[in-house]
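Please look over the sequence and the model shown here before reading on. The report then takes up the fold, the surface, the charged pairs and a few local features.

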Amino acid sequence: MFTVRTVNIEHEAKLRTEILDAAMRVVDAVGGADITYESVAREAGLTKAGLMYHFPSKDALMIGVIEHVIDLWQTELCEVLAVPFEESTLAQRVEAFVNFAGAGGVTQGEFVVFTEAVRRPQLSAPWLAWLRTWFGFGDGTDTTPLLLAWLATNGLWIAEATNILTVTPAQRTALLGRMVELTKEATA
């Protein structure tokens, strides 16, 4: 009986991940479709009722999507981070973010997901908690260079995600180089 329950839990977790991946494909689609029960169910190959079984409300679906993106970012950023997260400094975490997001590791769809969280504060708790864990800038030391690098990287991501500008490869190299230099200044 324990084995059957474990298999069911694993199956449910896998299906939940597949649904959240489908939701990201919907939002990443050309034109940035809205995340609706219908659009996500269609992309996931489920009925609307099947989707509602896993996410009983639109807010539950949106929080699931936000947490899914956070989990993806956590995994990807930890791969870029030179040391285990628990042993990392703020400067190392900001540098990892610069290299990850500044090099195109963040998608337009992820931007849409997080702007939805900003637009609807009841959805922002998971995002804000993750940001505070990774980028706690208020530790009493002068973090101005790190904050500047972090803000510039976010600005680059937003500008590209909203098609405000296109950065040439030479510009990207120069920008990322300067942002990494700022992270090094903070540790000097």
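The sections below go from the whole chain to single residues.

## Basis of the model

This is a predicted model, in which local features need pLDDT of at least 70 and side-chain atom pairs count only at pLDDT 80 or more, while totals for chains, interfaces and linings use all residues. Residues are numbered from 1 along each chain as its sequence is written, and side-chain values use heavy atoms, with hydrogens and water left out.

## Overall fold

The protein chain contains nine helices and zero strands, where helices (H or I, at least four residues) and strands (E, at least two) are DSSP runs numbered from the N terminus. Its C-alpha atoms fill a box of roughly 55 × 40 × 30 Å along the principal axes. Among contacts with a separation of 6 or more, 68% join residues 24 or more positions apart, a contact meaning heavy atoms within 4.5 Å.

## Burial, surface and charge

Of the 188 residues of the protein chain, 40% count as buried; buried means under 20% relative accessible area, exposed over 50%, and partly exposed in between, with a 1.4 Å probe and protein chains only. The accessible surface of the protein chain comes to about 10500 Å², and 60% of that surface belongs to carbon and sulfur atoms; the areas come from the Shrake-Rupley method with a 1.4 Å probe, and for residues only the protein chains shown count as cover.

The protein chain carries 14 positive and 23 negative charges, whose mean positions are 6 Å apart. Lys and Arg count as positive and Asp and Glu as negative, without His and the chain ends, and each charge is placed at NZ of Lys, CZ of Arg, CG of Asp or CD of Glu.

## Salt bridges

A search of the whole structure finds ten salt bridges, each defined as a side-chain nitrogen of Lys or Arg within 4 Å of a carboxyl oxygen of Asp or Glu. One of them joins lysine 14 to glutamate 18, with the closest N and O atoms 3.5 Å apart; because these two residues are four apart in helix H1 (residues 2–28), about one helical turn separates them. Lysine 14 is exposed at 54% relative accessibility, whereas glutamate 18, at 38%, is partly exposed. Another salt bridge is formed by the side chains of glutamate 38 and lysine 48 (3.1 Å, N to O). Glutamate 38 lies in helix H2 (residues 37–44) and lysine 48 in helix H3 (residues 48–54), so this pair ties together parts that are ten residues apart in sequence.

Glutamate 116 forms a salt bridge with arginine 119, the closest N and O atoms being 2.9 Å apart, and both residues lie in helix H6 (residues 108–119), three residues apart, or about one turn of the helix. At 19% relative accessibility glutamate 116 counts as buried, while arginine 119 is exposed at 59%. Both belong to a network of salt bridges that links Asp59, Glu116, Arg119 and Arg120.

The structure holds 18 aromatic pairs. In one of them, tryptophan 134 and phenylalanine 135 are tilted, at 6.0 Å centre to centre with 50° between the planes, and both residues are buried. Rings of Phe, Tyr and Trp (its six-membered ring) pair if their centres lie within 6.5 Å, with planes under 30 degrees apart counted as stacked, over 60 as edge-to-face and the rest as tilted.

Most residues other than glycine have a negative phi. Asparagine 163, although not a glycine, has a positive phi of about 60°. Asparagine 163 lies in the loop between helix H8 (144–161) and helix H9 (169–187), and it counts as exposed at 61% relative accessibility.
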